[in-house]
Amino acid sequence: MNPGDLFEYLLRLGDDALIAAQRLSEWSSRAPEMEEDVALANIALDQLGAARLLLTYAGEVEGAGRDEDALAFLRDDRDFRNCLLVELPNGDGRPDFGVTMAKLLCLSAYQHLLYERLVGSTDDRLAGIAGKAVKESAYHLDHSSLWVVRLGDGTSESHRRMQHALDEIWPYTYELFESDDLTRRVAEAGVGVDPSTLRGAWHSVVDGVLRAANLTMPSDPWRPTGGRTGRHTEHLSYLLGEMQVLHRAHPGATW
């Protein structure tokens, strides 16, 4: 298939994982309990590992001499292709564990279904990456599901806050399933997945968790979009400013 299409598709997958990893790492030393501090750090490392494999492959496909570090640290926000969901802050003004778990539930349910399908990709390299990531995403989904149920079906205060978190991030989930010419081409080639085909299964998975948590699935019609084409929220600029500062301050530095 067209190398340009594969490069763009790999960026979408890799950037989702990279930005999710950066957001999750912000919980280091701030989680509600020590065990959760370790769990979130491990999930962030899983996402980072997937991002490294995907961006390394993307750099090779591009053939312009950019490696995983160049793609992660030397692109501006308009060059990133991640969905808007992963760049959202962990809370408004201060970290909110409910927001993080709502985001992780929606993202991991999507990624798990996506990687399950990509295991059958005609691209052996991508299928191999998906084979590793699908096992990790299954844990991410299980972990976030347990917390959403624990908080949603807990006290009246935890239920209120979990519902509020879900309502806050829900509009950004629609973008996960947007299809365009690129996704249709990679799907027709047997390399990638048309995300619109994942919506029904994702809805069933998330709905099951929300029912167990006594939470109401939001119905906000607002559907922000743009991440796949480089139109992001202001939050990504701040995130990249922190993530990229060391590499940009000391270009070419090695340990």
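## Cysteines, turns and salt bridges

Cys 83 counts as buried, because its relative accessibility is 0%. The model is predicted, and its local features are taken where pLDDT is at least 70.

Start with the cysteines. How many disulfides does the structure hold? It holds zero. Cys 83 is in no disulfide, and its nearest cysteine sulfur belongs to Cys 106, 11 Å away. A disulfide would need the two sulfur atoms within 2.5 Å. Cys 106 is also buried, with a relative accessible area of 0%.

Next come the salt bridges. Side chains of opposite charge can pair when their charged atoms come close. The structure holds 15 salt bridges. Three of them are described here.

Arg 12 pairs with Asp 180, and their closest N and O atoms are 2.8 Å apart. Arg 12 sits in helix H1 (3–25). Asp 180 sits in the loop between helix H7 (156–169) and helix H8 (181–188), so this pair ties together parts that are 168 residues apart in sequence.

Glu 68 pairs with Arg 52, with 2.6 Å between the closest N and O atoms. Glu 68 belongs to helix H3 (residues 68–73) and Arg 52 to helix H2, so the bridge ties together parts 16 residues apart in sequence.

Arg 184 and Asp 181 form another bridge, at 2.9 Å from N to O. Both lie in helix H8. They are three residues apart there, so about one helical turn separates them.

| Residue | State | Relative accessible area |
|---|---|---|
| Arg 12 | buried | 8% |
| Asp 180 | partly exposed | 23% |
| Glu 68 | buried | 19% |
| Arg 52 | partly exposed | 46% |
| Arg 184 | partly exposed | 36% |

Now turn to the surface charge. Which residues gather in a patch of negative charge? They are Asp 92, Asp 167, Glu 168 and Asp 220. Asp 220 lies in the loop between helix H9 (199–212) and helix H10 (234–249). Asp 220 is partly exposed, with a relative accessible area of 32%.

Most residues other than glycine have a negative phi. Ser 29 is not a glycine, yet its phi is positive, at about 75°. Where is Ser 29 found? It is in the loop between helix H1 (3–25) and helix H2 (34–62). Ser 29 is exposed, with a relative accessible area of 66%.

Asn 214 has a positive phi as well, of about 60°, and it is not a glycine either. Asn 214 is found in the loop between H9 and H10. Its relative accessible area is 49%, so Asn 214 counts as partly exposed.

The last stop is helix H10, where Leu 239 has its place. Is Leu 239 buried or exposed? Leu 239 counts as buried, because its relative accessibility is 4%. Leu 239 and Trp 222 are 17 residues apart along the chain, and their C-alpha atoms are separated by 24 Å.

Methods
Residues numbered from 1 in each chain as written. Predicted model: local features only at pLDDT ≥ 70, side-chain atom pairs only at ≥ 80, totals over all residues. Heavy atoms only, no water. Buried < 20%, exposed > 50% of the residue type's maximum accessible area, 1.4 Å probe, protein only. Patch = residues over 30% accessible without salt bridge, like charges linked within 9 Å, V, L, I, M, F, W, Y side chains within 5 Å. Areas by Shrake-Rupley, 256 points an atom, 1.4 Å probe, with all protein chains shown as cover. Salt bridge = Lys/Arg side-chain N within 4 Å of Asp/Glu carboxyl O. Lys, Arg positive; Asp, Glu negative; His and termini not counted. Charge placed at Lys NZ, Arg CZ, Asp CG, Glu CD. Helix = DSSP H or I, 4+ residues; strand = E, 2+ residues; numbered from the N terminus.
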